[in-house]
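Thanks, everyone. I will go through one structure, a few features at a time, and give the cut-offs as the terms come up.

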Amino acid sequence: MRWFLTLLVKLILWFVGLSLALVLIYRFVPPPVTATMLMDPNGITKDWEPLSNIDRNLVTAVIAAEDGKFCSHDGFDREAIEQAMARNAEGGRIRGGSTISQQTAKNVFLWQGGGYVRKGFEAWFTFLIEQIWGKRRIMEVYLNVAETGIGTYGAEAGAQRYFNHSAARLTRTQAARMAAALPLPKKRSVVNPTGFTRRYGNTIAARMGVVRREGLDACVYE
């Protein structure tokens, strides 16, 4: 039993040290690749851009669509988590309450899919990036590693794919449609969307005005 406990302690210390080192490195260096990218059978098209080269409309759009409390929470939206748990207890399709911070932690350091083990690691990495990176860096990394289309990752590659121009100049409608497709980028159309995706994009575009007026994206630009 003693050797097992010794091994366990060593493994925990090793994991903590490695995770801290990775988070510190990625505070300044772009993550070169993610597990999601490596497992994508469609290949990888990506182009890292600093946040200063990404139109604010897209930042506003993803906050409006994914995480309206991004600037006020500590990485976890407890109200959204409780609501998701209540819905899941009723049965049907499993839904999450993930924030942009949690999604970034998962995208960069972990793998897709559920499970309590992955969720536990996700919580740990979310705590670390909130403490070490801060909101602006979290948003910058999120917009560069998020899947924006089939085999396409990041805002710049997505903008080039759909609009044939840089992510530095996105209209409100373009940004809203990119944000609307983020949960299912392989299935939702960004160019000439129809049905739910079009309606959802219009809803996000309307919410963007609220985000900007109430300063819900201000922490990214402080």
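I start with helix H7, where Lys135, Arg137, Ile138, Met139, Glu140, Val141, Tyr142, Leu143, Asn144 and Val145 are buried. That makes 10 of the 11 residues in the helix, which runs over 135-145. Buried means under 20% relative accessible area, exposed means over 50%, and partly exposed is in between, with a 1.4 Å probe and protein chains only. Helices (H or I, at least four residues) and strands (E, at least two) are DSSP runs, numbered from the N terminus.

Before going on, the basis. This is a predicted model, in which local features need pLDDT of at least 70 and side-chain atom pairs count only at pLDDT 80 or more, while totals for chains, interfaces and linings use all residues. Residues are numbered from 1 along each chain as its sequence is written, and side-chain values use heavy atoms, with hydrogens and water left out.

Next, the disulfide. Which cysteines does the disulfide join? Cys71 is joined to Cys219, with an S to S distance of 2.0 Å. A search of the whole structure finds 1 disulfide, the cut-off being a pair of cysteine sulfur atoms within 2.5 Å. The angle about the S-S bond is -75°, and the link is left-handed. Cys71 is in the loop between helix H3 (56-66) and helix H4 (78-89), and Cys219 is in the segment after helix H10 (195-213), so the bond ties together parts 148 residues apart in sequence. Cys71 is partly exposed at 26% relative accessibility, whereas Cys219 is buried at 14%.

Now the aromatic rings. There are 9 aromatic pairs in the structure. Rings of Phe, Tyr and Trp (its six-membered ring) pair if their centres lie within 6.5 Å; planes under 30 degrees apart count as stacked, over 60 as edge-to-face, and the rest as tilted. One of the pairs is Phe15 with Phe125, edge-to-face, at 6.0 Å centre to centre and 85° between the planes. Phe15 belongs to helix H1 and Phe125 to helix H6, and 110 residues separate them, so this pair links distant parts of the chain. Phe125 is buried, with a relative accessible area of 5%; Phe15 is partly exposed at 24%.

On a 1 Å grid over the protein atoms alone, a cavity is a set of points where a 1.4 Å probe fits but cannot get out; a pocket is an open set with protein on both sides within 12 Å along at least five of seven lines; and lining residues have an atom within 4 Å of a point. Grid points are joined across faces, edges and corners, and a volume is the space filled by probe spheres set on the points. The largest cavity has about 50 Å³ of space. Among its lining residues are Leu58, Val62, Leu143, Met178 and Leu182. H3 and helix H9 (172-181) each contribute two or more residues.

Last, the backbone. Most residues other than glycine have a negative phi. Asn164 has a positive one, near 60°, and lies in the loop between helix H8 (155-163) and H9. Asn192, in the loop between H9 and H10, has phi near 50°. Asn164 is exposed at 66% relative accessibility, and Asn192 is exposed at 62%.
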